[in-house]
Structures are given as structure tokens and as C-alpha cells.
Amino acid sequence: MSLADDIAAAIVTALTPVVSANSGSGPYHQVVPQTSAAFPRVIFDIENDRDENDTPTRAKDILFSVKVISATGFKQANNVLDACDVILHDGTFSLTGWHVYWLMRESSTPRRADPKEGGGYFYQTGATYRLKVEKEL
């Protein structure tokens, strides 16, 4: 399994209890399946990764985003994102062959209200997180 796949699996494992506790769906990697998924929806994406190149051991700096989409309002989206943040900010992942030494919220993403067909809106909020890992010897 690649590091990106391992990180995606770790995010799913970490955030699934939050989604379940809020009767939502996800967490989904990049896209929501076309089946009718329940709201709120949690979506994540690995935005980028780069080599640190500042130690003799391989180290990576990864940025990933978490977004929550609600059909009822920003309050629900914010509450679910806050619950995700409790798990992610200063948290840790178990990654095969890598040691996690940093997992912190980096920034918020812009809140959006996107029109729904037939009226109303979908409400989205999110955050980006920085994950730093070092190859285990």
C-alpha cells in the first residue's frame, strides 16, 4: 500500500465515528458516490505532499483537507467539522513504515452556500491539516 493510500485509510478510520454519531455519510475520498448519501457528508482529499529533504531519513510534509456539507445549515456543518477537529488536531495516525510527528490544523477553508435544484442551499465548511511523517528505520 502506498503512503497516500495508507493516509486515506487512516483518515477514514479516524472520522467514521464522527460521521456515524451525526447520522451522516462518508468520509469519502475526493468524491461522493452517485448513490443518495445522507447529509451531513464528510469529504477529504490529500492536497499535496512534499519531501522535507532536511534529514538523512526520508520525511514528508502532507497537506489534506476535510470538508463537511450540510443540507440544513452552517451550524450543522460547523458542529461536524468541530467534531472532526477534536480527533485530527494534535492527533496521530498509524501508518505502516512511517512515524507521525505532526498533525495540526493549518487553516479554515471558505464557507460556501451552493444552490440546490428546486431551491434551498447546500452548506459547506472545511479545514486543511498538515501531517508530517518520517520513515521508520
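## Aromatic cluster and ring pairs

Phe-64, Phe-93 and Tyr-129 are joined into a cluster by ring pairs. The model is a predicted one, and the structure contains 5 aromatic pairs.

Tyr-121 and Tyr-123 make a tilted aromatic pair, 6.3 Å centre to centre and with 50 degrees between the planes. Tyr-121 is partly exposed, at 41% relative accessible area.

## Tyr-129 in strand E5

Tyr-129, a member of the ring cluster, lies in strand E5, which covers residues 121-135. Its relative accessibility is 0%, so Tyr-129 counts as buried, the cut-off being under 20%. The side chain of Tyr-129 makes a polar contact of 2.6 Å with the side chain of Asp-85.

Beyond four places in sequence, the contacts of Tyr-129 include Ile-62, Leu-63, Phe-64 and Val-66. Also among them are Asp-85, Leu-88 and His-89, as well as Leu-103, Met-104, Arg-105 and Glu-106. Lys-60 is 69 residues from Tyr-129 in sequence, and the C-alpha to C-alpha distance between these two residues is 14 Å.

## Asp-61 in strand E3

Asp-61 is part of strand E3, residues 59-70. With a relative accessible area of 2%, against a cut-off of under 20%, Asp-61 is therefore classed as buried. Its side chain makes a polar contact with the side chain of Arg-130, at 2.6 Å.

Setting aside neighbours within four places in sequence, Asp-61 is in contact with Asn-48, Asp-49, Arg-50 and Glu-52, among others. Arg-130, Leu-131 and Lys-132 are also among the contacts of Asp-61.

## Charges over rings

Two residues with charged side chains are placed against phenylalanine rings. Arg-111 lies over the face of Phe-74, at 4.0 Å from the ring centre. Lys-116 has its charged end over the ring of Phe-122, 5.4 Å from the centre of that ring.

Notes
Residues are numbered from 1 along each chain as its sequence is written. This is a predicted model: local features need pLDDT of at least 70, side-chain atom pairs count only at pLDDT 80 or more; totals for chains, interfaces and linings use all residues. Side-chain values use heavy atoms; hydrogens and water are left out. Helices (H or I, at least four residues) and strands (E, at least two) are DSSP runs, numbered from the N terminus. Buried means under 20% relative accessible area, exposed over 50%, partly exposed in between (1.4 Å probe, protein chains only). A polar contact is a pair of N or O atoms within 3.5 Å; within protein, one must be able to donate a hydrogen and the other to accept it, and residues adjacent in sequence count only if both atoms are side-chain atoms. Contact means heavy atoms within 4.5 Å. Rings of Phe, Tyr and Trp (its six-membered ring) pair if their centres lie within 6.5 Å; planes under 30 degrees apart count as stacked, over 60 as edge-to-face and the rest as tilted. A charge sits over a ring if NZ of Lys or CZ of Arg is within 6 Å of the ring centre and within 35 degrees of the ring normal.
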